[in-house]
Amino acid sequence: MATAFEPTQRRPTVLVACLDSSGEVLLSGPAVRAVAGSAQRVVMLTDPRGSAAARMLPGVDRVIEWRAPWTRDREPGEYWPELLGFCAALGEVRPDAALVFTSAHQSPLPLALLLRLTGVPWIGAISMDDPGNLLDLHHQVPEGMPEAERLLSLVEAAGYQLRASDSGRLAVRRPLPDTTDLTGPDGYVAVHVGGSAPARRLPVRLAVEATAKLAAEGIRVVVTGAAEDKAEAAAVAEAGALDLAGRTSLPELADVVDRAAVLVVGNTAPAHLAAAVQTPVVSLFAPVVPASAWAPYGTRLRLLGDQNARCAGSRARACPVPGHPCLNSVTADEVVQAVHEFVGAR
């Protein structure tokens, strides 16, 4: 069941699959680098939501995009043409082995079945379910461990190891594009609004109030967000921030965060981007998922939010508790105090 490769059996082309969004892809970085240390080529299969992050990971040689039929944002429809395209891409790559990366609540078995049907000879994954013969490596881990370590443990069980010089932290390819013309000099506070799950976003009211207090102290604030977050970002900008929402690609956002003194953010992909460039994070973290697994990994961190709130462990995308008390109980003064723990100390 747990079949590791011997050194003489290293596979020339390894497919690593993470059919998820940017944050999850960034967290897979240490595992990807471990695979890349032995494989001749690492091909990453990812959802379009995660492809930009996949292209930023050291060790990835090629990225294949595919929207799996079972992903959350798919509407019912005709999947056959896309499935044929997926099979054609795998036929071109001809992976010698595949490692399926999933979050703790996800099953790798649908993808493992497709990989098996396309002829991939060896497949490993973490699975809480009995995989039958779909997995050659059926790996299991304790709940709640940091997601980056969880995925790294899978590839280690497959026989891959990080180089001794590798810290195991998150990382992105450098150099990053220079965004100084957008932001001005380094050392500002970055505040990120938005996120794919409403329950995990930084409350806009709190972002506005904290930004106003920081601006009153003469601290420069830059607000970032996706194009769909422009209204929220504009509200923060009116409180005294430079508005960059919708104006940066993911690599450019990485540079903006890299040159910040600290990032204030909810539980969303830029928090992991900050960890990848070693920027301190003030994390407004809703406990719908455990902070032990999903808090920014390997960077200086100040965690805010009631981790024992009634929503804890619910995995809810929209807060199930009226008033969203786990984050709305945090005050702007607490955010500013947390920012001061890092401003000037980086």
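This is a predicted model: local features need pLDDT of at least 70, side-chain atom pairs count only at pLDDT 80 or more; totals for chains, interfaces and linings use all residues.

Me: What does Phe101 touch, apart from residues up to four places away in sequence?

Reply: Phe101 touches Val16, Ala17, Cys18, Ser28, Ala31, Val32, Leu151, Leu154 and Val155.

Me: Why is Trp66 called buried?

Reply: Buried means under 20% relative accessible area. Trp66 has 6% relative accessibility, so Trp66 counts as buried.

Me: What makes the pair of Trp66 and Trp70 edge-to-face?

Reply: Ring centres must lie within 6.5 Å for a pair, and planes over 60 degrees apart count as edge-to-face. The rings of Trp66 and Trp70 have their centres 5.8 Å apart and their planes at 80°, so the pair is edge-to-face. Trp70 is at 39% relative accessibility and therefore counts as partly exposed.

Me: Why is the pair of Trp66 and Phe86 called stacked?

Reply: Planes under 30 degrees apart count as stacked. For Trp66 and Phe86 the planes are at 25° and the centres 4.1 Å apart, so the pair is stacked. Trp66 lies in the loop between S3 and H4 and Phe86 in helix H4, so the pair ties together parts that are 20 residues apart in sequence. Both Trp66 and Phe86 are buried. Trp66, Trp70 and Phe86 form one aromatic cluster.

Me: How many salt bridges does a search of the whole structure find?

Reply: The search finds 12 salt bridges.

Me: How do you know that Asp166 forms a salt bridge with Arg33?

Reply: The rule asks for a side-chain nitrogen of Lys or Arg within 4 Å of a carboxyl oxygen of Asp or Glu. The closest N and O atoms of Asp166 and Arg33 are 2.8 Å apart, and the two form a salt bridge. This pair links distant parts of the chain, 133 residues apart: Asp166 is in the loop between helix H6 (147-157) and helix H7 (180-183), while Arg33 is in helix H2 (residues 29-36).

Me: Are Asp166 and Arg33 buried or exposed, and why?

Reply: Asp166 is at 23% relative accessibility, so Asp166 counts as partly exposed. Arg33 is at 12% relative accessibility and so counts as buried.

Me: What makes Arg62 and Glu92 a salt bridge?

Reply: Their side chains meet at 3.2 Å, N to O, and the limit is 4 Å. Arg62 lies in strand S3 (residues 62-65) and Glu92 in helix H4 (residues 80-93), so the pair ties together parts that are 30 residues apart in sequence. Glu92 counts as exposed because its relative accessibility is 55%, and exposed means over 50%. Arg62 counts as partly exposed because its relative accessibility is 26%.

Me: What makes the side chains of His139 and Ser153 a polar contact?

Reply: A polar contact needs a pair of N or O atoms within 3.5 Å. The side chains of His139 and Ser153 make theirs at 3.1 Å. His139 is in strand S6 (residues 137-139), and at 15% relative accessibility His139 counts as buried.

Me: Why is His324 called buried?

Reply: His324 is at 13% relative accessibility, so His324 counts as buried. His324 lies in the loop between S12 and H13. Its phi is near 45°, a positive value in a residue other than glycine.

Note on methods:
Residues are numbered from 1 along each chain as its sequence is written. Side-chain values use heavy atoms; hydrogens and water are left out. Helices (H or I, at least four residues) and strands (E, at least two) are DSSP runs, numbered from the N terminus. Buried means under 20% relative accessible area, exposed over 50%, partly exposed in between (1.4 Å probe, protein chains only). A polar contact is a pair of N or O atoms within 3.5 Å; within protein, one must be able to donate a hydrogen and the other to accept it, and residues adjacent in sequence count only if both atoms are side-chain atoms. Rings of Phe, Tyr and Trp (its six-membered ring) pair if their centres lie within 6.5 Å; planes under 30 degrees apart count as stacked, over 60 as edge-to-face and the rest as tilted. Contact means heavy atoms within 4.5 Å.
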